[in-house]
Amino acid sequence: MYVRDAKNREEAWLLEHIETMGLDDTAFRSRDYVVAVDETSGETAGFGRIRVHKPEGDENSCELTSIGVPAGWRGQGIGAHVVERLVEYAGDQGFDTVYSLTSEGGYLAQFGFRRIEEDALPGPLQDRLEAKRETIDPGASSYAIDVDRFRMPDRLREAFKRAPAERETIANEESAEDFGIDPDSATYKYDTGD
């Protein structure tokens with residue numbers, strides 16, 4: 001199992017899972033996401049995003065958002081490693097603090113995220129919090145972590161190492177959907193007219 005940057009061909013898969021899980025797809029760009037991939041089967045097992053806010057005349061800020069793990073992969077440390085990679089990415093981009101607007105603060109607390117007052121958020125994130133509460137997450141609160149204070153619980157690191165072994169064997173077949181093609185509406189180069 002490993003976490004890497006998402007590829008353009010994974011856009012349809014990401015959008016489908018974001019919609020299915022009821023996650024935020026605001027300003028969607030597949031290149032902003034990372035994905036967790038099972039190296040044996042090639043199956044995508046989780047995803048997440050850092051969204052950079054660049055307000056005019058204000059300091060840039062970054063938001064951890066749209067973390068998702070499909071049902072068959074949950075409980076194996078995959079989401080934790082997606083979060084870890086995104087916080088590392090934010091640090092690599094020069095951010096000292098990562099914010100998250102979610103009702104899943106208990107999950108984030110295990111990594112060192114702390115709840116903060118809304119008025120401590122950068123301006124664009126205050127607006128985002130309000131919009132998020134009105135659309136997809138009525139119970140969202142504001143959380144933050146200093147990048148250098150992130151910690152991965154040992155149990156999640158170990159679960160991630162065992163993740164593929166704890167799952168049933170999955171066929172490694174690519175489908176049209178893997179490439180963003182809807183097989184129900186696709187046309188083919190050689191149409192026999194039947």
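Q: How many nonpolar, polar and charged residues are in the lining of the largest pocket?
A: In this predicted model, the lining of the largest pocket has 13 nonpolar, eleven polar and five charged residues.

Q: And how much space lies in that pocket?
A: The largest pocket holds about 670 Å³ of space. It is lined by 29 residues, and those closest to its centre are Leu-23, Ile-67, Gly-68, Glu-104 and Tyr-107.

Q: Which of them gives the most?
A: Strand 4 gives the most, with five residues in the lining of the largest pocket.

Q: Staying with strand 4, what is the phi of Ser-66?
A: Ser-66, which lies in strand 4, has a positive phi of about 55°, although it is not a glycine. Most residues other than glycine have a negative phi.

Q: Is Ser-66 buried or exposed?
A: Ser-66 is buried, because its relative accessible area is 6%, and buried means under 20%.

Q: Why does Gly-72 count as partly exposed?
A: Its relative accessibility is 45%, and partly exposed covers values between the 20% limit for buried and the 50% limit for exposed.

Q: What separates the C-alpha atoms of Gly-72 and Ala-45?
A: The two C-alpha atoms are 8.3 Å from each other, while Gly-72 and Ala-45 are 27 residues apart along the chain.

Key: Residues numbered from 1 in each chain as written. Predicted model: local features only at pLDDT ≥ 70, side-chain atom pairs only at ≥ 80, totals over all residues. Heavy atoms only, no water. 1 Å grid on protein atoms, 1.4 Å probe; cavity = no way out; pocket = protein on both sides within 12 Å on 5 of 7 lines; lining within 4 Å. Points joined across faces, edges and corners; volume = space filled by probe spheres on them. Helix = DSSP H or I, 4+ residues; strand = E, 2+ residues; numbered from the N terminus. Nonpolar A, V, L, I, M, F, W, Y, C, P; charged D, E, K, R; others polar. Buried < 20%, exposed > 50% of the residue type's maximum accessible area, 1.4 Å probe, protein only.
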